[in-house]
Amino acid sequence: MKKFLSIIMIITLSSFMLVGCGQKPDESKKIGLIVSTLNNPFFVDLKKGVEQEAEKLGYEVVVLDSQNDPAKEVSNMEDITVKNVDLVLLNPVDSDSAVASVMIANNANLPVMTVDRVANGGKVISHIASDNIAGGDMAAKFLIDKLGNKGNIVELEGIAGSSATRDRGKGFDDGVADSNLKIISKQSADFDRTKGLTVMENIIQAKGDIDAVFAQNDEMALGASKALADANMNDVLVVGFDATDDAVDAVKQGTMAATVAQQPILIGETAVKQAVKYLQGDKVEAFIPVELKLITN
């Protein structure tokens, strides 16, 4: 009898061990997202796109906000390497400083893809973004047409060192180079609405004769529009970049002339699709472009 009970106990213990260890359910699949800032509607939408597509494909998303601080971004990458994610999507604060973040992922054998902004070094599987050079050129062509190929332009630049700043600026500057439009002031407002307002106020005081403003994102464009309205300069054309909800409303109301429409939700969705494709062993392209369009009234 004792022998029989011992056998029953062994079978019961073995069954428990099989259920508890050998037959445990699959661990949840995770994708990391390190975003430059969630204090910007564009990146909130990008995060939304990532989360929506990840849920469809059965992945959990671990989101960390770098708060526009390169040092915070590095810290976030260090944190995410121990959170058991399968791949990290990095939206860099700055393309140069992002190299350190990418190298941390590389050293941890964690695959990394960049989203919206590139990293200027390290091993990146793929970059998913709009063609920012084409978008800058699109804004240039719009203003050349609207101004009859003549006028004074102010250009508000984003964060120095970011690929979006560099590429949008190149597209716009090259686009107006052979025209009669003159860029009379080019200053950074760090992709920020409040800074866009302040910088534009200072430019108005210094320059005065302004026909149009190209802002490298909508937040700066909205700040510039407010400064122009306060100065009763309502005939100045303002073109932004991103097509955030506030900017699209401003275009409809006539306080902005146009915005180059990135599709942040689609960028986020595309990034997840490419991440999952890579994780399943399929080849992905080094650059995945997401379509742009110009929104006007």
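Predicted model: local features only at pLDDT ≥ 70, side-chain atom pairs only at ≥ 80, totals over all residues.

Colleague: At what angle do helix α5 and helix α6 pack?

Modeller: Helix α5, residues 132-146, and helix α6, residues 163-177, pack at an angle of about 35°, with their axes 7 Å apart, and their crossing is right-handed.

Colleague: Which residues meet there, and how do they divide into nonpolar, polar and charged?

Modeller: Among them are Ala139, Ala140 and Leu143 in α5, and Gly171, Phe172 and Gly175 in α6; the residues of this contact divide into 8 nonpolar, 4 polar and 4 charged.

Colleague: Turning to the rings, how many aromatic pairs are there?

Modeller: The count comes to 2 aromatic pairs. In one of them, phenylalanine 42 and phenylalanine 43 are edge-to-face, at 5.1 Å centre to centre and with 90° between the planes.

Colleague: Why does phenylalanine 42 count as buried?

Modeller: Buried means under 20% relative accessible area, and phenylalanine 42 counts as buried because its relative accessibility is 2%, while phenylalanine 43, at 4%, is buried too.

Colleague: And why is the pair of phenylalanine 172 and phenylalanine 214 called stacked?

Modeller: Planes under 30 degrees apart count as stacked, and these two rings have their planes at 20° and their centres 4.4 Å apart, so the pair is stacked. Because phenylalanine 172 lies in helix α6 and phenylalanine 214 in strand β8, the pair ties together parts that are 42 residues apart in sequence. Both phenylalanine 172 and phenylalanine 214 are buried.

Colleague: Which residue lies over the face of phenylalanine 241?

Modeller: That is arginine 168, at 4.0 Å from the ring centre.

Technical notes
Residues numbered from 1 in each chain as written. Heavy atoms only, no water. Axes fitted to C-alpha atoms, helices over the stretch in contact; angles between N-to-C directions. Helix = DSSP H or I, 4+ residues; strand = E, 2+ residues; numbered from the N terminus. Left-handed = near helix turned anticlockwise from the far one by under 90°. Contact = heavy atoms within 4.5 Å. Nonpolar A, V, L, I, M, F, W, Y, C, P; charged D, E, K, R; others polar. Phe/Tyr/Trp six-rings, centres within 6.5 Å; stacked < 30°, edge-to-face > 60°. Buried < 20%, exposed > 50% of the residue type's maximum accessible area, 1.4 Å probe, protein only. Lys NZ or Arg CZ within 6 Å of the ring centre and 35° of its normal.
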